[in-house]
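Here's a quick tour of the side-chain packing and pairing in this one. Have the viewer open and click along as you read.

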Amino acid sequence: MGEDVAGTGYTREQRQRYREKVRQNLDVFEQMLARSSFDFERPMTGMEIELNLVDADYQPRMSNAEVLERIADPDYQTELGRYNIELNVPPRPLPGNSALELEDTLRTSLNRAEGLANQTGAHIVAIGILPTVMPEHFSTEWMSANARYAALNEAVFNARGEDVFIDIEGPTGERLATYADTIAPESACTSVQLHLQVAPQDFAAHWNAAQAISGPQLALGANSPYFFGRRLWAETRVELFSQATDTRSVELKNQGVRPRVFFGERWITSIFDMFEENVRYFPALLPETAQEDPVAVLADGKAPRLSELRLHNGTIYRWNRPIYDIVGGTPHLRVENRVLPAGPSIVDVLANSAFYYGVLRMLANDDRPVWTKMSFAAAEHNFQSCARRGIDSRVYWPGFGELAAEELVLRHLLPLAHQGLEQWGVSTAVRDRYLGVIEGRCTSGMNGAAWQVATVERLEERGADRMSALGGMLERYIEGMAANEPVHTWKVP
């Protein structure tokens with residue numbers, strides 16, 4: 001979400017000053033794109049994994065402060081809900097066996113964290129939406145003790161002027177229709193964010209490519225079929241997050257005002273397009289102003305932090321988001337891919353990332369890119385369709401027309417992923433291990449969402465009610481996650 005904030009209420013003068021600073025930041029950023037040196041010689045990748053905490057009965061455990069104190073590792077941080085934590089993975093290059101080393105590192109880190117969490121009565125779960133979370137869990141203290149979360153909650157509801165209506169219908173007719181008077185439902189949406197450092201002149205191609213493959217990403221990786229006890233979309237997290245953070249009233253929606261959870265409207269030609277669009281169309285939620293004079297900093301030959309622009313950007317939730325950051329005094333740009341849910345296992349997470357980075361490289365460097373042959377509306381339709389139906393989706397792709405998502409992956413995108421990773425210098429062992437997982441999902445028709453649904457249905461056939469079935473499924477899910485086996489190989493009871 002960007003920088004931390006100091007308060008939860010803001011004056012008119014603060015808002016006006018913030019708008020002025022954001023526009024000044026934007027002007028300075030435009031100058032930097034024209035003449036500054038950005039770090040991109042050795043592109044780095046990064047990852048953030050949002051996690052859930054449950055108790056011995058597989059119910060949400062509101063104890064992240066206690067768990068984080070016990071873990072005592074700066075890589076683990078708070079998230080919105082008291083039953084959420086986040087693991088920030090240090091940046092690293094892609095080539096060689098880096099992914100295999102990362103798998104070992106992540107498993108070691110999470111196993112240690114799980115052991116320490118167990119000492120407090122908690123278990124750690126990587127899943128898109130915790131299936132056992134229910135409305136009553138938000139009737140007490142559910143929000144993490146952090147001023148920025150309280151400020152965000154207040155800002156969303158001040159902008160709306162009314163409660164949020166959550167309305168989602170699943171493929172079998174199960175429907176959730178409920179009101180929320182806080183952004184608590186947003187805390188149920190836990191994801192994996194993939195970062196790729198890019199050169200300024202290459203940003204547009206990588207963002208467009210990421211948008212184009214966001215639908216297939218969801219088809220392969222969907223892992224959020226249940227919320228509040230209902231079976232909804234394969235990746236319910238997409239629609240739930242969109243609705244839970246919507247600052248628009250019904251009238252503003254009818255006027256076509258852009259939502260803050262935003263797929264976008266068009267292919268872009270530069271990163272500046274996106275930041276300029278953010279400033280032009282989205283009101284400030286958290287108008288915190290820093291002391292920095294970015295004009296003076298740039299004139300002094302240094303890289304300004306552009307704190308206001310970064311904070312504003314952090315409150316606009318694009319599924320592929322532009323990032324400006326500074327490391328060691330040198331600025332760089334990243335594409336942050338926010339499409340994927342957390343889990344199911346670490347090997348699944350790394351398979352999803354290998355597929356993404358491999359396909360992204362090939363599409364971004366294509367002489368006749370896919371976005372010159374496909375409308376932006378078609379890419380968005382793929383994204384929505386794959387969120388609803390997951391691995392059973394049908395998508396449109398230039399040269400193939402409409403076809404099953406798994407067929408598109410096997411026939412076209414998976415070979416591209418192999419080729420792209422090879423061009424990155426990724427080892428054969430990495431490509432075979434992780435892209436083999438993607439192939440296995442496609443040939444079996446089984447991803448996280450499909451396994452969850454199949455398991456719950458089997459338990460219900462044996463006489464369990466929905467909540468008991470969800471608890472039984474989550475118990476088996478945690479076993480598969482801990483074993484670090486790909487989800488398509490997990491047994492259905």
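Let's start with L51: at 2% relative accessibility, this leucine falls under the 20% cut-off and so counts as buried. Keep in mind that you're looking at a predicted model.

**Around L51**

- L51 belongs to strand β1, which covers residues 45–54.
- Leaving aside residues up to four places away in sequence, L51 touches Y76, Y83, N84, I85, L87, L110, I124, V125, A126 and T190.
- In sequence, L51 and L130 are 79 residues apart, while in space their C-alpha atoms are 9.4 Å apart.

- Helix α3 spans residues 98–118 and helix α13 spans residues 346–364; their axes come within 10 Å and cross at roughly 145°.
- The crossing of α3 and α13 is right-handed.
- The buried residues of α6 include F203, H206, W207, N208 and Q211, along with A204, A205, A209, A210 and A212.

**Aromatic rings**

- How many aromatic pairs does the structure hold? The count is 19.
- One of them is F262 with F282, an edge-to-face pair at 5.7 Å centre to centre, with 65° between the planes.
- That pair links distant parts of the chain: F262 sits in strand β10 (residues 261–262), and F282 sits in the loop between α10 (271–281) and α11 (294–299), 20 residues apart.
- W267 counts as buried because its relative accessibility is 16%, and F376 counts as buried because its value is 7%.
- Both W267 and F376 belong to a cluster linked by ring pairs, together with W207, F241, F263, Y317, W319 and F383. Of these, W207 is among the buried residues of α6.

**Charges over rings**

- R258 lies over the face of Y281, 3.6 Å from the ring centre.
- R361 does likewise with W424, lying over the ring face at 4.6 Å from the centre.

**Salt bridges**

- Side chains of opposite charge can pair when their charged atoms come close. In this model the count comes to 26 salt bridges.
- D246 and K253 meet in a salt bridge, at 3.7 Å from N to O. D246 is buried, with a relative accessible area of 5%, whereas K253 counts as partly exposed at 37%.
- D300 pairs with K302, with the closest N and O atoms 3.6 Å apart; both of these residues are exposed.
- R458 and E461 form a salt bridge at 3.7 Å, N to O. Where do these two sit relative to each other? They are three residues apart in helix α17 (residues 448–461), so about one helical turn separates them.
- R458 is partly exposed, with a relative accessible area of 35%, while E461 is exposed at 63%.
- Salt bridges with shared partners also join R266, D273, E277 and R318 into one network.

Definitions and conventions. Residues numbered from 1 in each chain as written. Predicted model: local features only at pLDDT ≥ 70, side-chain atom pairs only at ≥ 80, totals over all residues. Heavy atoms only, no water. Phe/Tyr/Trp six-rings, centres within 6.5 Å; stacked < 30°, edge-to-face > 60°. Helix = DSSP H or I, 4+ residues; strand = E, 2+ residues; numbered from the N terminus. Buried < 20%, exposed > 50% of the residue type's maximum accessible area, 1.4 Å probe, protein only. Lys NZ or Arg CZ within 6 Å of the ring centre and 35° of its normal. Salt bridge = Lys/Arg side-chain N within 4 Å of Asp/Glu carboxyl O. Contact = heavy atoms within 4.5 Å. Axes fitted to C-alpha atoms, helices over the stretch in contact; angles between N-to-C directions. Left-handed = near helix turned anticlockwise from the far one by under 90°.
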